[in-house]
Amino acid sequence: MDKLRALNYFLKVAETLSFTETAKAFDVPASSISRRVSELEAALGVELLYRTTRTVKLTEAGELYLQQVRVGIAHLTAAEELVKERGSRPSGTLRISCMTGYGRVIFMPVLQDFSKQYPEILLDVHLSDELVDLGRDQFDITIRGGAEPENRVVARRLDLNRFVLAASPAYLAIRGKPASLAELADHSALLYRGPSSVLKWIGFDGEDWVSPSVVPTFISNDGASLLAMACEHRGMVLLPEWSLRGYLKRGELTEIELDIPLSVTRSEQVGIFMLYLQSKYAIPKIRAAVEFIHERLSQPDSTQIP
């Protein structure tokens, strides 16, 4: 049995839950995929997949095996790339996933400069707010905002991702400028919809986390749309400082300081994080990108999370 091939087939079946889709991905008959996986199960002495005429699901043993195999294959792939590229100028395809808003406003200009310095590297950039798995989704680097990420990856914090409440001067002239959480009940709110739900505004009063009453007038999963509505005097918006920076500087929006700062998470370890697998850092193209991005975007008080 070609065990490495069988493992790659198993990984793809586990990802797609389909022998047919896996067969298309590897351009082989579905019967070949099924046979290889069956040989793998026989060698292990356990059933990895439940199979019916309509569905394919991982067994409990299959779930455990998948977790270990995924890490092992990632290490093997990184080792192969490292040996091939050792001593050479960084080159090859570099897959990066980044949050949509941060990517467009902050990250893409940095990547443009990186591409000029390393023209042999082909950048494959995916802008999305959906969470990704570095191993499963085969990204080399991801940029994400929020709480401190999982421990199995290296995380370098690029920014504290401080949230700022803002509104247009015209809106504040008409509705007044609130100074406390309680006063927000008299104002219109432009809310951001995250991947799973609308993000609530919360603040810590010294004892408990509280969510002020607000009147939503617009909800969107696109920060640019929320900013456009704010500039049209439709309400207050709570977004990361980096996305508001230009609007505040130009006077299109005004920062609102309350007695209790607002946020959208209770975690104290929030930030913009650059994530990558330690096993891949030695690959020239990944090491070059990590250091370039960190040098250009890291704020003075940012730290690396071990």
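## Stop 1: helix α1

Start with α1 and its buried side: Ala6, Leu7, Tyr9, Phe10, Leu11, Val13 and Ala14 are all buried. Keep in mind that this is a predicted model. An α-helix has 3.6 residues a turn, so residues three or four places apart point the same way.

Now check the length of α1. Its 14 residues, at 1.5 Å a residue, should span 20 Å.

Leu17 follows α1 and has a positive phi, near 55 degrees.

## Stop 2: α1 against α3

Two packed helices are described by the angle between their axes and the distance between the axes. Select residues 3-16 for α1 and residues 30-44 for α3. Their axes come within 9 Å and cross at roughly 110 degrees. Angles of 65 to 115 degrees count as roughly perpendicular, so α1 is roughly perpendicular to α3.

Which residues make the contact? On α1, pick Lys3, Arg5, Ala6, Leu7, Tyr9, Phe10 and Val13. On α3, pick Ser32, Ile33, Arg36, Val37 and Leu40. Colour the set by residue class: 8 are nonpolar, 1 is polar and 3 are charged.

Compare this with the first selection. Ala6, Leu7, Tyr9, Phe10 and Val13 are in the contact, and they are buried.

## Stop 3

Most residues other than glycine have a negative phi.

Select Asp27, in the loop between α2 (19-26) and α3. Asp27 is not a glycine, yet its phi is positive, about 55 degrees. Is Asp27 buried or exposed? Its relative accessible area is 69%. The cut-off for exposed is over 50%, so Asp27 is exposed.

Jump to His233, in the loop between α7 (223-231) and β12 (236-240). His233 also has a positive phi, about 65 degrees, without being a glycine. Its relative accessible area is 40%, so His233 counts as partly exposed.

## Stop 4

Go back to the end of α3. Gly45 is in the loop between α3 and β1 (49-51). With 63% relative accessibility, Gly45 counts as exposed.

Terms used. Residues are numbered from 1 along each chain as its sequence is written. This is a predicted model: local features need pLDDT of at least 70, side-chain atom pairs count only at pLDDT 80 or more; totals for chains, interfaces and linings use all residues. Side-chain values use heavy atoms; hydrogens and water are left out. Axes are lines fitted to C-alpha atoms, for helices over the stretch in contact, and angles run from 0 to 180 degrees between N-to-C directions. Helices (H or I, at least four residues) and strands (E, at least two) are DSSP runs, numbered from the N terminus. Angles under 35 degrees count as roughly parallel, over 145 as roughly antiparallel, 65 to 115 as roughly perpendicular and the rest as oblique. Contact means heavy atoms within 4.5 Å. Ala, Val, Leu, Ile, Met, Phe, Trp, Tyr, Cys and Pro count as nonpolar, Asp, Glu, Lys and Arg as charged, and the others, Gly among them, as polar. Buried means under 20% relative accessible area, exposed over 50%, partly exposed in between (1.4 Å probe, protein chains only). The expected span of a helix is 1.5 Å times one less than its number of residues.
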